[in-house]
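Subject: Handover of a structure

Dear colleague,

Please find below the structure that I am handing over to you. I would be grateful if you read the notes after it with the model open.

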Amino acid sequence: MHGPRAAAGVDPPRPAAAEQTGPGVTIPAYLAVPRSGERSLSLADAFDRARSAAAALSVEADLEPVLDGSPGTWRCILRRGGESIRTGLGLGKGSRDEARTGALFEALEHYLCGVEGLDPAEIRLAPAHELAEGPLARDIAVRLLGQGPDRPLGCLPYRSLIGGPDADVPLFLSMPEYLRAAGAQARRAAGDDYDYRAVGRYSVNNGWAAGADPVEAAVHAINELIERDALSLLLIGQFLRERPGRLTVVDPATLPAEPAALVDFAEARAGRRIHLIDMTSDLGVPAYTAYLPAPPGQPARICGWGASLSRRYAITRAVTELVQLHCTMGLREQYAQLLPEQRDDTGPYPRLHACYLSDFTTALTSAELRAYRDTVAPDTPRGHLDRLIAVLRNHGLAVYQRDHYVTADLAVVNVFVPGLERFMLVTDGQVVVPGERGMAVTGRG
């Protein structure tokens, strides 16, 4: 166990019986149970809702533990008629019930946010150059449309969450499948023959989330956008600046009992020390990387990331994601048909390649050690959403949401915030450049 508990704040500890043991580590039964206020239902009720949603979609959920315990990792594969659905793979992390429920929600999200959940009749065409000069142009990929042909491309309608006008948002930004063979029929039906080769590398399933209702789902979608923006700025600040910034890491001796025990558990499984890098950006929403160094010359991929108005939950998410990735290293071959092909195109560009490798080991030797301090987070999803929207609006950022699939049991939404970075795509081996926020970090913005 790491040192004494930090000063009291939100999420106070409470006694509980020990439940699950890792290698030499005992984990309290309540560890990793989401108490951040981001969920509106109990895990049991949420799981029942997700099972009802799967039945309504005529799919079967094949659930199996990868690491059965608390913390644990579960995987879910959606099947129809006994056959695996190509996009229906989900992984869950956290306590046993949280991991099982999360895996089912994620599998449903991945299934519904692909082209199989897309109604071609909803696709609207908008001229590329008009988009590149409009309110969405703070996004680097939208701005790059101005350098390509002025042809119409497929968009979907989104509503503004800050009281501004609604917007048609290009599909390629958040639905990579739309650009692939699986999306060919939808493109033809919409009359979309745009040449996406110049901007396709910026396509990523960013800002998608599933929840019990659109508000809950939007909270998770915005946290993901903030997390990926923070990771992008961390990479830019360390590997693209002429003089890298100084890393900040959490002093493990100041962690409260629960996250300290979780870190001990993760370190015991990984067999190495884990560093909690504070990547909180100017937005002020706590965001962390649980960093595990990779062998020299290999990309650091057994890491976890998390963002939340609850600092404790942001760290918990980052560490449980690291545990999840460590446990699922062998799944890529097993489920290769369900996962996108990965390649590294950054080799000819040394600084981009450094971002791809994400090797923070040298920077960690001079990192600032910062004491953990709790944050006071809202206790309802609506409270989280209202504060997150206020944070983004106060930083001059627009927020758009699409309720992609909503029933009484399940909501799958996509949130788009023009201006938040998508440079983290470099860790997938993509040759991308920073947007406005990233260029400001380099000192050349």
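Predicted model: local features only at pLDDT ≥ 70, side-chain atom pairs only at ≥ 80, totals over all residues.

Residues are numbered from 1 along each chain as its sequence is written, and side-chain values use heavy atoms, with hydrogens and water left out.

Helices and strands

Helices (H or I, at least four residues) and strands (E, at least two) are DSSP runs, numbered from the N terminus. Axes are lines fitted to C-alpha atoms, for helices over the stretch in contact, and angles run from 0 to 180 degrees between N-to-C directions.

Helix α7 (residues 257–270) packs against helix α8 (residues 311–327) at about 15 degrees, and their axes are 10 Å apart. That angle makes α7 roughly parallel to α8 (under 35 degrees; over 145 is roughly antiparallel, 65 to 115 roughly perpendicular and the rest oblique). Residues in contact (heavy atoms within 4.5 Å) include L262 and F265 of α7 and I315 and V319 of α8. By class, this contact has 11 nonpolar, 3 polar and 3 charged residues. Here Ala, Val, Leu, Ile, Met, Phe, Trp, Tyr, Cys and Pro count as nonpolar, Asp, Glu, Lys and Arg as charged, and the others, Gly among them, as polar.

Helix α12 (residues 381–394) packs against α6 at about 40 degrees, with the axes 9 Å apart. α6 and α12 are therefore oblique to each other. Their contact includes I222 and I226 of α6 and L385 and L388 of α12. It has 10 nonpolar, 2 polar and 2 charged residues.

Second largest pocket

A pocket is an open set of points on a 1 Å grid over the protein atoms alone, where a 1.4 Å probe fits, with protein on both sides within 12 Å along at least five of seven lines; lining residues have an atom within 4 Å of a point. Of the 17 residues lining the second largest pocket, the closest to its centre are L233, L234, D278, M279 and T280. Helix α6 (residues 214–239) gives the largest share of this lining, 5 residues.

Backbone features

Most residues other than glycine have a negative phi, and most peptide bonds are trans. The bond from S70 to P71 is cis, with omega near 5 degrees. S58 has a positive phi, near 60 degrees.

Yours sincerely
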